[in-house]
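This report describes one protein model in plain terms. It begins with the chain as a whole and then turns to local features.

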Amino acid sequence: MNSMPTLQGNLVLPCLDEAGALPWVLGRVPEGWHPIVVDNGSTDGSAALARELGATVVLEPRRGFGAACHAGLEAADAELVAFCDCDGSLDPAGLPEVAAPVAAGRADLVLARRRPVGRGAWPLHARAGNYALSHMVRRRTGVRLHDLGPLRVARRAALLSLGLTDRRSGYPLEMVVRAADAGWRIHETSVGYHPRTGRSKVTGTWRGTAQAVRDMRGVLR
């Protein structure tokens, strides 16, 4: 009789109308990692599809990327928690490698720097916004990052202790800033970044990118 695999962690997947990407994303989640899909008001059946595919589904009515991420963090029951975009741009299969430094006690937070794979994977305006934010983070915290890392891993209890309050696009940045202020060991690795399925809700346009940058500048202030 085969024993059940040991739960290594929870993978939080903020979701807003990602039915087109969910089968591939959830099919790539590594053994031992349980997905928590946080539906943030989808109208395309994403929540029902995620349940059918075996994910835990959390409904978060408050709109905002940070609201979805934090709802997933609170719902997690594993020691390690990872966050990943749910649009097919990132391959969850790389999660064990990203999580390894945290699991081994060598790092407190690991961010996966994006390496564009394929034409149109990372539009110029999105790269420009990310570059500006990375520079501001370095100036504010002294942490040298190349990317804010949409695929990231840390320990659940430690993340909750940071007292994160942003519920919009500034949530990932607030996590890094508060972690740096708390003396966390922040490491950076890299993962492939593919063209997303469907249109981005945040950085798919110059306007969306500008709004995300404004949200994150507010966090730095």
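## The chain as a whole

Of the 221 residues in the protein chain, 51% are buried, where buried means under 20% relative accessible area with a 1.4 Å probe, protein chains only. This is a predicted model, in which local features need pLDDT of at least 70 and side-chain atom pairs count only at pLDDT 80 or more, while totals for chains, interfaces and linings use all residues. Residues are numbered from 1 along each chain as its sequence is written, and side-chain values use heavy atoms, with hydrogens and water left out.

The protein chain has 8 helices and 7 strands; these are DSSP runs numbered from the N terminus, helices (H or I) of at least four residues and strands (E) of at least two. Among contacts (heavy atoms within 4.5 Å) with a separation of 6 or more, 74% join residues 24 or more positions apart.

## Helix H4

Helix H4 covers residues 95-103, and its buried residues are Leu 95, Val 98, Ala 99, Pro 101 and Val 102. They lie on the same side of H4 because they cover an arc of only 145° around the axis, taken from the directions from the helix axis to the C-beta atoms.

The strands that these buried residues pack against include S1 (9-15), S5 (109-116) and S7 (186-193). After H4 comes Gly 105, with a positive phi near 80°.

## A charge over a ring

The charged end of Arg 114 sits over the ring of Tyr 193, 5.0 Å from its centre. The rule asks for NZ of Lys or CZ of Arg within 6 Å of the ring centre and within 35 degrees of the ring normal.

How values were computed:
Buried < 20%, exposed > 50% of the residue type's maximum accessible area, 1.4 Å probe, protein only.
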